[in-house]
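Trainee: Please take a close look at one part for me. I would like to go through the salt bridges and the loop beside one of them.

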Amino acid sequence: MRAVITVVGKDAVGIIAEVSNVMKNRGVNIIDISQSVLSDMFAMVMMTDISACTVPFGDFAEELRLVGVKLGLDIHAMHEDIFNSMHRV
């Protein structure tokens with residue numbers, strides 16, 4: 001099972017570390033990552049493997065969202081099935 005995680009907001013030191021630390025603590029692996037800084041805006045998209053996640057996906061997504069609130073970022077985790085359903089023509 002996979003999930004797409006997006007992170008958007010004002011650039012700051014430690015964003016990737018904070019997000020990846022939550023993932024490490026929950027057994028979630030990064031499969032692919034793309035990140036960019038445009039002026040002072042940070043944007044990141046990750047494809048992750050959630051098959052070994054130690055908590056229900058909703059709890060994991062909420063934990064990431066709360067990290068985003070703490071850092072002033074918008075962090076969103078979406079299960080791959082939902083992502084695919086939303087983007088199917």
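Mentor: Start with a definition: helices (H or I, at least four residues) and strands (E, at least two) are DSSP runs, numbered from the N terminus. This is a predicted model, in which local features need pLDDT of at least 70, side-chain atom pairs count only at pLDDT 80 or more, and totals for chains, interfaces and linings use all residues. Residues are numbered from 1 along each chain as its sequence is written, and side-chain values use heavy atoms, with hydrogens and water left out.

The structure holds five salt bridges (a side-chain nitrogen of Lys or Arg within 4 Å of a carboxyl oxygen of Asp or Glu). One of them joins Lys10 and Asp40, at 2.8 Å from N to O. Lys10 lies in strand β1 (residues 2-10) and Asp40 in the loop between β2 and β3, so this pair ties together parts 30 residues apart in sequence. Lys10 is exposed, at 51% relative accessibility. Asp40 is partly exposed, at 37%. Here buried means under 20% relative accessible area, exposed over 50%, and partly exposed in between (1.4 Å probe, protein chains only).

Now the loop itself. Ser39 sits between β2 (29-38) and β3 (41-49). Its phi is positive, about 55 degrees, although Ser39 is not a glycine. Most residues other than glycine have a negative phi. Ser39 is exposed, with a relative accessible area of 79%.

Another salt bridge pairs Glu62 with Arg65, the closest N and O atoms being 2.8 Å apart. These two are three residues apart in helix α2, so about one helical turn separates Glu62 and Arg65. Glu62 is partly exposed at 33%, and Arg65 is partly exposed at 39%.
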